[in-house]
Amino acid sequence: GPCTECSCSSGKEADKDTSNTKKKENGDRSFIPKIFFGTRTHKQISQITRELKRTAYSSVPMTILSSRDYTCIHPVVSSSGSNRNEMCVELLEGKHGKSCLYYHGVHKVSEHHALQSAHRMYQAWDIEDLVSLGKKLRACAYFAARELMVGADIVFCPYNYLLDPQIRESVSI
């Protein structure tokens with residue numbers, strides 16, 4: 001059955017605090033750890049999230065950190081070859097007078113997941129689900145996954161996100 005320490009125990013997200021703390025009855029706060037689940041490949045993340053969907057914990061808030069290679073939906077950047085990171089940074093900085101309109105819609109994905117959670121319709125998802133939602137909402141799936149990390153109880157990622165100090169710092173792990 002569900003545990004008693006996280007939001008899955010009551011099925012209500014109202015008890016969840018975005019800073020990973022939960023109020024005790026006496027008003028004190030106790031720390032609820034965020035689980036980081038590292039895998040060797042993105043394909044293994046897909047396998048794990050597929051299995052998570054089949055459990056009683058499928059409604060636990062989660063996110064998947066991945067590279068722009070898997071999550072960028074900008075038509076020009078995603079169709080480019082090896083310089084996706086550079087092109088994305090240039091768009092974010094507004095170089096060449098262009099900006100990324102998908103980046104400015106990142107909040108739409110968080111709002112979508114918050115709405116699903118409020119109506120108890122939240123389910124575990126996969127990278128492909130996030131990319132599809134990003135395309136539908138015209139919102140950047142790459143940065144949305146990072147924004148969802150704030151309220152997530154489980155964060156799936158390739159293990160290099162946990163081991164590499166530069167990556168850890170860039171995604172605030």
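This report describes the aromatic ring pairs of a predicted model and the residues that take part in them.

## Aromatic pairs

The model contains 3 aromatic pairs. One of them joins Tyr103 and Phe143, whose ring centres are 5.0 Å apart and whose planes stand at 80° to one another. This geometry is edge-to-face.

Tyr103 belongs to the loop between α4 (84-93) and α5 (106-118), whereas Phe143 belongs to helix α7 (residues 141-148), so their pairing ties together parts that lie 40 residues apart in sequence.

## A cluster of rings

Phe143 also pairs with Tyr142: the two ring centres are 4.9 Å apart and the planes meet at 85°, so this pair is edge-to-face. Through such ring pairs, Tyr103, Tyr142 and Phe143 are linked into a cluster.

## Burial of the members

The solvent exposure of each ring residue can be stated in turn. Phe143 has a relative accessible area of 18% and is buried. Tyr142 is likewise classed as buried, at 11% relative accessibility.

## A charge over a ring

Tyr142 has a further neighbour in Arg146, which lies over the face of the tyrosine ring. The distance from Arg146 to the ring centre is 4.0 Å. Tyr142 therefore takes part in an edge-to-face pair with Phe143 and also has Arg146 over its ring face.

Technical notes. Residues numbered from 1 in each chain as written. Predicted model: local features only at pLDDT ≥ 70, side-chain atom pairs only at ≥ 80, totals over all residues. Heavy atoms only, no water. Phe/Tyr/Trp six-rings, centres within 6.5 Å; stacked < 30°, edge-to-face > 60°. Helix = DSSP H or I, 4+ residues; strand = E, 2+ residues; numbered from the N terminus. Buried < 20%, exposed > 50% of the residue type's maximum accessible area, 1.4 Å probe, protein only. Lys NZ or Arg CZ within 6 Å of the ring centre and 35° of its normal.
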